[in-house]
Amino acid sequence: MSANNTDTRPLSPDLERQQQRAAPPAHPDDPLGGPDEHLDFHEDDRPPTPRFMQDQGAWKNWRWIPYPVRKYGKAAINWMKGPQNPKVWRIQPLFPVVQHAPLRLLDKCLPNRNHQIFLYMSYVAVWIITFAMVMWKGQAASEVASYGVPTDIGCGVAYWSRNNDCGVDGVNCRPFNGSGFAFRCPSNCASYRVLNPRAVGDQEIVYAPLVVGGPPDPANDENSVYRGDSFICGSAIHSGIISNSQGGCGVVSLVGRQQNYVSTNRHGIESIGFDSYFPLSITFEQGIECQARDVRWSLLAVSVVFTTVLSMFTASSSVFFFTVFIGIFWQVGMASDPPSYTSIPGLFSNILGKFLPAMFCAWVFYDKMGVRRTLHGLTAQFEKTILWLGGCWVGALTNYTFDFIPIQRLTGHDLEQQPGAKGALATIIIVLFVIVVGQIWCFRQEARLIRYLKLYALFVLGIIICLVLPNLSLRIHHYILALLLVPGTSIQTRPSLLYQGILMGFFINGIARWGFDPFLQTSVALQGDAQLGSPLPVILAPIINTTLSTITFRWEPPPGVRYDGISVLVNDVERYRGFFGDEGSDEFVWTRENGTSSNEYFRFGFMSGTTSGDYTRAGLWTADLEWIEPALGPSRMKRDSLDDGDEAEQVPRALWKRQ
């Protein structure tokens, strides 16, 4: 065999395995092994980048980051950039023949654009006139003999003033009997709750209607008697004088001191029991002829019908959005969820003051935050009406639609003390997470994800800055939620239509009802009735004289010079204010009246000037003249001169008419 010939004899298995072990690993930058080796390129392939050049690109300034982190980070960014051919989301109407029918009908009947504009203006004018006429009719109420026309009051109006404003012995809330007036309540007052604790004996009532007492005989509604700090409208519903769904009118009268207020569950309200006496009580006159009803549901029907018809026959995104925004804003502010008011002109002035800045925000939503992109070119009239407009109504009527969620205010204090609030918040967070994941996927398909991630990074940074600011607390209002989340709905998909509509409803309800409350508030503004953390008086063992039916309290000296005196509450009424250094300021003597055989509840708190700090929990002097020490810790009794956030109001003095 010639020496030039290649030896083609097969290798032994052992030699073959030895050569395989000796072969070094391949490197991407190794030269080609021989003439028969070649690189296969396809037309769509990108040429490989040698290892020594991989760190010379945009990542060369990030060499301090480990290579695996850079590798997967770059892959994540490439994923977030989206596909090379982005998909622009557009809703293709289901059953297009049906959904396009309203637009075709309008174009067929009124092909001229000027005629369509005139029709739109006439339509809005008819809407306004109808709304005004229904509301005017609702203001009419029959006169009550000897009392005149009933006076409109809010759901939180009561005779006994909040914040101890009635003074020592309730002198600022007299007279206690022989007075009354004809009133008129709106609907849905059964859901009006106190958001900050109220003391009723040794009970602390929160997130419930403040209705103390009821009819002595659970079998009928007659002779109902309620404590003077009870909400008048809630008490009237409980006693059967008015209905919760329609509101109504009646006559309330003061009947002075009563005792043993019973607890009953009537007409959807469970009243609170109190086994002692109170200096001011109310009752309702029976057999009063009074005709009045709340027309908020009639007005809601008018607004829903007009907005629905407008949505069906309008293809213009701007006409649809701004008309619906204005209509729902005035519906909520004037009827569905109005702020507290005493007269219709006053309410109109209130809503008008909020309307102008709200319209500026509406323009920002439409032109800068993605509403135009979501609604522009949308011809699925039925889907737009059901998803966007329906969602907007759901969000705007949040006082009804989301009332079942046990979260009144998104603050740490409320989440701690409201039952079920933490579980509800966890559920909301999970739902939001699922929604966010879906929106992220849609934005990536349009190759707009990175832009919006940068925007929300700024939002998160701003929230973090707000959280660390000293002496200020972040509070997320309805309108803040809308401002934060609406940009994330700026794609034309069916879920985005629904999400955006609900968020716009949240914004409308928040502004029309509460206004532009600051999202950064001081601890005092948020604190309400929460404890101040002020020192509590240390009460010595009282001296009880069973012969004279007296109990004498003494206390240890105050912990510092900042406290000027001490306040004592008996049955939730301030009965004593003593200032240190005055004669007799070292003790408080309480004498039980002859014939009184009720328990009595005592609370004690230091005062700084005329402002009281935290009160102790209620100590009990029983009907058998035995003293039961109060539980440790402060009471959540309402303190003087602090705004608690409730909208409870006192009956105007002009209405305290003698009978």
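Q: Are α2 and α15 roughly parallel or roughly perpendicular to each other?
A: This is a predicted model, and in it α2 and α15 are roughly perpendicular to each other. The axes of α2 (residues 67-80) and α15 (residues 449-468) cross at roughly 110°, and they come within 8 Å.

Q: Which residues meet there, α2 against α15?
A: From α2, Ile-77, Trp-79 and Met-80. From α15, Leu-449, Ile-450 and Leu-453. By class, that contact has six nonpolar residues, no polar and no charged.

Q: Other pair: at what angle do the axes of α5 and α7 cross?
A: At roughly 170°, for α5 (residues 113-139) and α7 (residues 296-312), with the axes coming within 9 Å. That makes α5 roughly antiparallel to α7, since angles over 145 degrees count that way.

Q: What about Ser-311, buried or exposed?
A: Ser-311 lies in α7 and is buried, with a relative accessible area of 0%. Not counting residues up to four places away in sequence, Ser-311 touches Phe-320, Gln-381, Lys-384, Thr-385 and Leu-389.

Q: Switching to α9. What span should its 25 residues have, and how far apart are its end C-alpha atoms?
A: α9 runs over residues 344-368 and should span 36 Å at 1.5 Å a residue. The end C-alpha atoms are 35 Å apart, which agrees.

Q: Where in α9 is the kink?
A: At Phe-355, shortly before the proline Pro-357, and the kink is about 30°. Phe-355 is also among the buried residues of α9.

Q: Which other residues of α9 are buried?
A: They include Leu-347, Ile-351, Lys-354, Ala-358, Met-359, Ala-362, Phe-365 and Tyr-366. An α-helix has 3.6 residues a turn, so residues three or four places apart point the same way.

Q: What do the buried residues of α9 pack against?
A: Against α8 (317-336), α10 (371-375), α16 (478-485) and α17 (494-514).

Q: And which residue with a positive phi follows α9?
A: Gly-370, with phi near 105°.

Q: Now the strands. Where is Cys-185, and is it buried or exposed?
A: Cys-185 is found in strand β3 (residues 177-185). At 3% relative accessibility, Cys-185 counts as buried, because the cut-off for buried is under 20%.

Q: Which strand has Phe-553?
A: Strand β17 (residues 550-554). Phe-553 counts as buried, at 0% relative accessibility. Its contacts, leaving aside neighbours within four places in sequence, include Ile-539, Pro-542, Phe-588, Phe-602, Phe-604 and Trp-627. The C-alpha atoms of Phe-553 and Val-589 are 6.4 Å apart, and the two are 36 residues apart along the chain.

Q: Whole protein, then: how many helices and strands?
A: There are 18 helices and 27 strands. Of the 659 residues, 44% are buried. Among contacts between residues at least 6 apart in sequence, 73% join residues at least 24 apart.

How values were computed
Residues are numbered from 1 along each chain as its sequence is written. This is a predicted model: local features need pLDDT of at least 70, side-chain atom pairs count only at pLDDT 80 or more; totals for chains, interfaces and linings use all residues. Side-chain values use heavy atoms; hydrogens and water are left out. Helices (H or I, at least four residues) and strands (E, at least two) are DSSP runs, numbered from the N terminus. Buried means under 20% relative accessible area, exposed over 50%, partly exposed in between (1.4 Å probe, protein chains only). Axes are lines fitted to C-alpha atoms, for helices over the stretch in contact, and angles run from 0 to 180 degrees between N-to-C directions. Angles under 35 degrees count as roughly parallel, over 145 as roughly antiparallel, 65 to 115 as roughly perpendicular and the rest as oblique. The expected span of a helix is 1.5 Å times one less than its number of residues. The bend at a residue is the angle between axes fitted to the seven residues ending there and the seven starting there. Contact means heavy atoms within 4.5 Å. Ala, Val, Leu, Ile, Met, Phe, Trp, Tyr, Cys and Pro count as nonpolar, Asp, Glu, Lys and Arg as charged, and the others, Gly among them, as polar.
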